[in-house]
Amino acid sequence: MKRHQQILAGVLLVQLVLIAVVFWPRTVASGSGERAFPDLKTEDVVALRIADSDGNSVYLRRSGDGWILPDAEDYPANASTITSLLDKVVGLTSDRLVTRTEASHQRLQVGKDNFVRRLTLELADGSAQILYLGTTPQYTTTHFRVEGQDETYLTSALTSWEVSALPASWIQVGYLSVPVDSLLQVTLENAQGSLTFLPATAVAGEDTAAREWTLADLNAGETADFAATRTLISQAASVAVNKPLGKTELPAYGMASPNAVVTLKTADQVITLTIGAKTASGNYVVKSSNSEYFVETTAYTIEKLVTSARADFIAQPEQ
């Protein structure tokens with residue numbers, strides 16, 4: 001082999017080595033394997049604020065053996081859900097190191113002003129710890145960084161999907177729940193008029209645990225549309241919380257001139273559900289007489305209570 005061929009062959013070999021070094025698949029670097037928060041215990045956390053990249057934020061605070069939402073006048077939060085999250089945060093480890101450079105924070109979305117989630121943990125001693133959750137290279141893994149450190153790690157123990165910045169994710173969403181079979185009468189008042197619904201068998205003096213419902217004042221020749229009445233009664237008897245608002249009635253809630261009032265009567269109680277104003281998000285403010293809290297509920301689950309008229313519950317004759 002001629003001299004210049006040997007040189008070219010050597011250059012080619014070097015290039016191949018460089019290509020292999022640059023493009024050879026890498027595994028995540030090994031970190032120390034220590035806990036991300038070495039001295040932190042779940043019970044040390046007395047409050048938690050979660051913020052997301054869309055500007056949403058929720059504040060949760062420990063109260064006795066439970067948790068509350070102070071911004072909604074201490075609306076009860078789901079303690080078991082919050083404890084489960086804190087256990088995962090406390091258990092985070094540094095065994096899957098991704099980068100040690102501050103320059104990577106923006107790309108991985110674990111920066112101070114660029115994050116997917118930011119968790120601020122307020123501790124019993126008055127100090128605070130901040131955790132940033134970033135991008136998810138795989139569905140089950142998430143980048144995370146502790147405030148004050150440049151190192152960013154990867155974890156499969158916690159994802160941003162588990163850490164919502166919306167209040168509804170941290171409360172019992174059931175606001176009003178009355179078993180339909182326990183109802184003896186339901187009255188609806190809205191701009192279209194006043195309607196009274198009765199179990200269909202109650203009209204005939206039979207068992208009130210009926211499957212179907214009818215209007216109390218059907219005219220001769222009229223028949224109730226059982227599908228329509230069944231839907232309305234179900235919506236009236238079960239209302240979910242989209243957002244807790246607090247105990248204080250504000251003029252903006254529209255309770256002085258409500259959109260609708262529903263009265264639910266059982267053998268041992270009468271519950272009134274007042275549907276107030278529509279919110280900026282298109283939902284409704286509601287207040288149940290068996291709760292001290294005003295809440296916001298989604299429009300699609302309650303709209304029929306506001307818009308329905310008598311004709312909506314009369315079956316049309318077959319053509």
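**Terms and values**

Mentor: Five aromatic pairs are present in the structure. This is a predicted model, in which local features need pLDDT of at least 70 and side-chain atom pairs count only at pLDDT 80 or more, while totals for chains, interfaces and linings use all residues. Residues are numbered from 1 along each chain as its sequence is written, and side-chain values use heavy atoms, with hydrogens and water left out.

Trainee: What makes F115 and Y132 a tilted pair?

Mentor: Rings of Phe, Tyr and Trp (its six-membered ring) pair if their centres lie within 6.5 Å; planes under 30 degrees apart count as stacked, over 60 as edge-to-face and the rest as tilted. For F115 and Y132 the centres are 6.0 Å apart and the planes at 45°, which makes the pair tilted. F115 is in the loop between α3 (105-108) and β7 (117-123), and Y132 is in strand β8 (residues 128-133), 17 residues apart. Helices (H or I, at least four residues) and strands (E, at least two) are DSSP runs, numbered from the N terminus.

Trainee: Why is Y132 called buried?

Mentor: Buried means under 20% relative accessible area, exposed over 50%, and partly exposed in between (1.4 Å probe, protein chains only). Y132 has 3% relative accessibility, so Y132 counts as buried. F115, at 10%, counts as buried too.

Trainee: Why is the pair of F197 and F313 edge-to-face?

Mentor: The ring centres of F197 and F313 are 5.1 Å apart and the planes stand at 80°, so the pair is edge-to-face. F197 lies in strand β13 (residues 193-199) and F313 in the segment after α6 (303-307), so the pair ties together parts 116 residues apart in sequence. F197 is buried, with a relative accessible area of 0%, and F313 is buried at 2%.

Trainee: How do you know that the length of helix α5 agrees with its number of residues?

Mentor: The expected span of a helix is 1.5 Å times one less than its number of residues. Helix α5 (residues 226-237) has twelve residues and should span 16 Å; its end C-alpha atoms are 16 Å apart, so the two agree. Among the buried residues of α5 are L232 and I233.

Trainee: Why is E73 called partly exposed?

Mentor: E73 has a relative accessible area of 31%, so E73 is partly exposed. E73 is in the loop between β4 (66-69) and β5 (75-77), and has a positive phi of about 55° although it is not a glycine. Most residues other than glycine have a negative phi.
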